[in-house]
Amino acid sequence: MDRRDFVAALGGSPLFFHAGLSASSAGQATAGTGSLARLRDANRAVAGSSPEAVAEDEAYWLRVRQAFTLDANHVNLNSGSVSPAPRVVSEAMQRYWTLTNMAPSYYVDELLYPEVELVRRRLAAMFGCSPEELALTRNTSESLQTVQLGWPLERGDEIVSTTQDYPRMLTAWRQRERRDGVRLKLVTVPTPPPSMDALYDRIFAAVTPRTKVIHICHMTYTVGQIFPVRRIADEARRRGILSIVDGGHTFAQFPFTRDDLGCDVYGSSLHKWLCAPVGNGLLYVRRPLIARIWPLLAAEAAQDDDIRKFESIGTYPIALRTAVSDAVLFHEEIGAERKAARLRFLRERWMRAVEPLPGVTLRTSYDPAQACALGAMSLAGMGAQRLTDTLQRRWGIHVRPRFVPDEFECIRVTPNVFTTLDEIDLFVEAIRTLATA
Ligand SMILES: Cc1ncc(COP(=O)(O)O)c(C=O)c1O
């Protein structure tokens, strides 16, 4: 299917098919489209192989790596915070930016804004929801705070979350505590837990008749623990409790759909695992709930029921948003199953290698249902900050320290599709050197 067919299939007007898009579909040679073509060749070579077999095929992943513009002197094991965008995405963004500057009020208002609807439909198709339930935002923080600050609550109402939810999200609830007299109850969760059921049990042990919201991570930012979202969301709905899921880390990291989660609200950042330009996010709200949530920036009453009311933020750089479609195409070119299998393979490789070393504690499960790319560990006698700094200074390896006050600290190690086995093995050697010094 070429782009014109795709636009038609999405129900879009041919008017959307403007100069910026036709430049690439007409075969205009760019480094990005070249790398995509090489990736397509690599896909042909592995057609018929299982995702697990391709996960171990270094030649394949080298092709993927070549689609990025990376610093080869830097071992980036922190794709958890933000991912680089592949060349094909940054070039798309550059094209849209050029168009913007050719005559912003015409090219942006008349041509690019309508394209945002195509981005919405692509993302909704990926997530398995209606486009009328999906708002485009700047990041997870904006997505979730829209709901956290806009959901009606009364003095004394309770919100249940965990000490490993993202600090900015907890800050939003604490502000509502001060402003509205609600109460935030945080539960601790073991890392790793004995089972996923243990996570469910911890959450519901804190729920009371006053609980109005359960706010959990799909995958924690601390150690990469995946939560049993479906089970928690189903029970929350049965009890009339709003379920908010922080999917900052999960959209496009591994395959799942809205129906696998069953939650009321889900927010994610597209600059993490979708590798979209920095400054893109999505917010899903279950259709009947849209009208009950006040937007962060005011909207007219006529928009009460319209998911787009959450997007009324004024003028913004639309070139960032329109290039999301190119990130979706890149993601689909690799394939969601293949990508997840590779990420799990890389994490498991370093975890198995460092686990027997003296002083190493792993904080992430080996169970594929509970973890994907992110893994966390600590080293006895070396705090997380010192370990992070030492890895950077001595080996040029970049990881993230994570601190859960009064509970534990660790380093979070996050490979991506461009990570090589050599880089993983260098990390293992570095930990071995420090652990046996
Ligand atoms: C679980 C989780 N939620 C929310 C966020 C916030 O993401 P953003 O800064 O893109 O809004 C992060 C960032 O790392 C995260 O890990």
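Which residues are around the ligand? They are S81, N139, T140, S141, Y166, R168, C217, Y221, D246, G248, H249 and S269, where a residue counts as near a molecule if its C-beta atom, placed from the backbone, lies within 6 Å of it. This shell splits into three nonpolar, seven polar and two charged residues. For these classes, Ala, Val, Leu, Ile, Met, Phe, Trp, Tyr, Cys and Pro are nonpolar, Asp, Glu, Lys and Arg are charged, and the others, Gly among them, are polar.

A word on the model itself: it is predicted, with local features needing pLDDT of at least 70 and side-chain atom pairs counting only at pLDDT 80 or more, while totals for chains, interfaces and linings use all residues. Numbering starts from 1 along each chain as its sequence is written.

Taken as a whole, the protein chain has 17 helices and 13 strands; these are DSSP runs numbered from the N terminus (helices: H or I, at least four residues; strands: E, at least two). Its radius of gyration is 22 Å, close to the 22 Å that the globule rule gives for 437 residues, so the chain is as compact as a globular protein of that length. That radius is taken over C-alpha atoms, and the rule is 2.2 Å times the number of residues to the power 0.38.

The chain is divided into domain 1 (3-71 + 85-115 + 328-334), domain 2 (119-325) and domain 3 (337-435), with bounds from an automatic or database domain assignment.

Now for some local detail. Strands β3 (residues 158-162) and β4 (residues 183-187) pair in the parallel sense over five bridges, pairing being called when DSSP finds at least two bridges between two strands. Here T162 stands opposite V187 in β4. Together with helix α9 (residues 167-180), β3 and β4 make a right-handed β-α-β unit; right-handed says that, with the strands pointing away from the viewer, the path from the first strand over the helix to the second runs clockwise.

Most residues other than glycine have a negative phi, and most peptide bonds are trans. The bond from T191 to P192, though, is cis, with omega near -10°, and P192 is in the loop between β4 and α10 (196-205). A252 has a positive phi, near 75°, and is found in the loop between β6 (242-246) and α12 (258-261).
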